[in-house]
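Work through the exercises below with the model open beside you. Each task is followed by a solution in steps.

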Amino acid sequence: MAVNGFPGTLQALVTSLSLRDEISADEVALVEGLARRRRFLHRGEELVSQHSQPGESCVVLSGFTAREVVLADGKRQITALHIPGDFVDLHALLLKVMDHSVIALTDCEAAYVPHRELLRAMERSAHLGRLFWLSTVIDGAIQRAWITSSGRRSATAHLGHLICELYRRLAAVGLAEEGRFSFPVAQSELADALGFSLVHVNRTLQDLRATGLVSWKGSLVTILDFEGLARLSQFDPTYLNLVKMPR
Amino acid sequence: MPRYYIDSSDGNFSHVDSEGVELAGDEAARYLALDALPDMVREVLPDGDRREFAVCVRDQGGRVIYSASLTLTGSWRGES
């Protein structure tokens, strides 16, 4: 389902780029002036397909998306979660062929920006180019945190760490506050993101609820004690780089 | 699709599944139950020398249709 030629706003991207450095009015104008096509996706649809060679990069404007790798036996690993303001495949500007797919975990709105537009903006502003580069570097930092969770954290700390991370990322772009955020994903999707069996997700949720640090009802996640959850999960937000610095 | 409930215990912490999950059939439920065992083992071992990990599958009527367990038995082999 594609809607062409309808501009849509790139405010989510501007917000996201402004999290870690000041951006000038000229840079905002460059970003907002990027040609793009806007697309609405239903839950479960693909934003970007594995083995495709995209000529454009996709920014999430609303909803949750995930990078996924599916094995021959149907087992799936979700390797990253993306929120509004994130580029899901900026790396394809350089890597060319996608080694994974990106799917909509909820109904989504996305903007596809042609690579030539991105290159033009980066030629006009080297600083903007570095901020685009930074976003792929942050993706890498998040992957390191996820690998550490998968390999070495207890299940409860792994889930707690993910909740802390999502809260901090969503709060930074104004989509979470007072410890609460909406995370409307199925338990099977959570299982695929954590690398747990479905039963273990249930057990871990029960264990985490029993700590009294988090409540999870329907799709509403409420962190009742962020400091306590961060301590339990050894969550150190340094890797998210949510600090404004000259870059 | 029928709904199944998968209960589990690591010998210390028991989980009674009150939500259940819709699956294609009994085989899929068995697979899901067995799939949980290694996760549970990884979570608590090494911790003691005796431990039983168990899962069971209940059908919509509450009847247990499948159960499985893994037992850890460890012991020192020195002179007694």
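The model is predicted: local features need pLDDT of at least 70, side-chain atom pairs count only at pLDDT 80 or more, and totals for chains, interfaces and linings use all residues. Residues are numbered from 1 along each chain as its sequence is written, while chains are lettered from A and ligands numbered from 1 in the order in which they are written.

**Exercise 1.** State which domains the assignment gives for chain A, and describe their contact.

Step 1. Domain 1 (3–136) and domain 2 (145–240) make up the assignment for chain A; such bounds come from an automatic or database domain assignment.
Step 2. Taken over C-alpha atoms, the centres of domain 1 and domain 2 of chain A are 24 Å apart.
Step 3. Domain 1 of chain A puts 14 residues into the contact and domain 2 of chain A puts in 11 residues. Two residues are in contact if their C-beta atoms, placed from the backbone, lie within 7 Å.
Step 4. On the domain 1 side, strand 5 of chain A gives the most, with 4 residues. Helices (H or I, at least four residues) and strands (E, at least two) are DSSP runs, numbered from the N terminus.

**Exercise 2.** Give the strand order of the open sheet in chain A and find its edges.

Step 1. The order of the 4 strands is 2-6-4-5, with antiparallel pairing. Two strands pair if DSSP finds at least two bridges between them.
Step 2. Strand 2 (46–48) and strand 5 (76–82) of chain A are the edge strands, each pairing on one side only.
Step 3. Inside this order, strand 4 (residues 65–70) and strand 6 (residues 101–104) of chain A are joined by 4 bridges. A:Thr65 stands opposite A:Ala104 in strand 6.

**Exercise 3.** State how many residues of chain A and chain B are in contact.

Step 1. The contact joins 11 residues of chain A to 14 residues of chain B.
Step 2. Helix 8 (residues 198–210) gives the most to the chain A side, with 7 residues.
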